[in-house]
Amino acid sequence: MDNRLKEFEEGHKEFQKIKFKKSEERFKKLVEDGQNPKALFIGCSDSRVMPAMITGSNAGDLFIVRNIGNFVAPYNPNADFHATASAIEYAVSILEVSDIIVCGHSDCGAIAALFKDITPSPENIHTIKWLELGKEAKRVGIIAYKDDKEKMLRYTEHISVVYQLDNLLTYPAVKRRVEEGTLYLHGWYYDLENGYIDYYDDENCEFKALTQK
Ligand SMILES: [Zn+2]
């Protein structure tokens, strides 16, 4: 074998020797009993956002779906392929998670891309289509801070999370369970630079610190 992925092979060796050994019973039990995660976590594919690490969670705790920009495509039975939609349905109807977290983050490349003129080509056509899911957030971002690019980007990253929560409610199973009081939706914003998470307070329409800083 060549050495292309040497750092990951070393990491895996360490995982086998130490981390897997340490939690072996837990891993076995999760196979015997099956998974029963508490929450569905919808996060950005960005390599700097690490759902398990920032929540201190373990194997079996989070059902995770990640995509460019942590977008939630609205319910659409006519769509051909919807990875995020199927993950939502599976988590909500089969695994019966009690919580869904949509987690945005600072310095998000997807949000920044909303404000760039990208020339369509066969190499980016899916991305351009996917980014349409951020266009409402972009519009509000421009209205709020069109003269300050940094503020506009940070604001759009936040407001996009709120729009994705709205999109979640277009899924019949999500809407039903939220109305029944058996499913709770959470909007989070992770700051890459300081490691803190803010949550969206729906009653006051503002983001607040999840924990004391
Ligand atoms: Zn991102």
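**Helices, core and domains in a predicted model**

Q: In which kind of crossing does H4 pass H9?
A: H4 passes H9 in a left-handed crossing, meaning that the near helix is turned anticlockwise from the far one by less than a right angle, whereas clockwise would be right-handed. Helices (H or I, at least four residues) and strands (E, at least two) are DSSP runs numbered from the N terminus. The model is predicted: local features need pLDDT of at least 70 and side-chain atom pairs count only at pLDDT 80 or more, while totals for chains, interfaces and linings use all residues. Residues are numbered from 1 along each chain as its sequence is written.

Q: At roughly what angle do the axes of H4 and H9 cross?
A: The axes of H4 and H9 (residues 172-180) cross at roughly 35° and come within 9 Å. Axes are lines fitted to C-alpha atoms, for helices over the stretch in contact, and angles run from 0 to 180 degrees between N-to-C directions.

Q: Which residues meet there?
A: Ile88, Glu89, Val92 and Ser93 in H4 meet Ala173, Val174 and Arg177 in H9. Two residues are in contact if their C-beta atoms, placed from the backbone, lie within 7 Å.

Q: Turning to the largest nonpolar core, which residues touch the most other members?
A: Of its 34 residues, these are Leu40, Ile42, Ile100, Ile101 and Val102. A nonpolar core is a set of buried Ala, Val, Leu, Ile, Met, Phe, Trp, Tyr and Cys residues joined through C-beta atoms within 7 Å. The largest share of this core, 5 residues, comes from E1.

Q: What does Val102 touch?
A: Leaving out residues up to four places away in sequence, Val102 touches Ile42, Asn70, Val72, Val161, Gln164, Leu165, Gly187 and Trp188.

Q: Which residues of H8 are buried?
A: Among them are Val161, Gln164 and Leu165. A residue is buried if 20 or more other C-beta atoms lie within 10 Å of its own, exposed if 12 or fewer, and partly exposed in between, with C-beta atoms placed from the backbone.

Q: What is the phi of Glu96?
A: Glu96, which is not a glycine, has a positive phi of about 55°. Most residues other than glycine have a negative phi. Glu96 lies in the loop between H4 and E3.

Q: Why does Glu96 count as partly exposed?
A: Glu96 counts as partly exposed because it has 13 C-beta neighbours inside 10 Å.

Q: Finally, what separates the centres of domain 1 and domain 2?
A: Taken over C-alpha atoms, the centres are 29 Å apart. The assignment gives domain 1 as 1-34 and domain 2 as 40-209; such bounds come from an automatic or database domain assignment.
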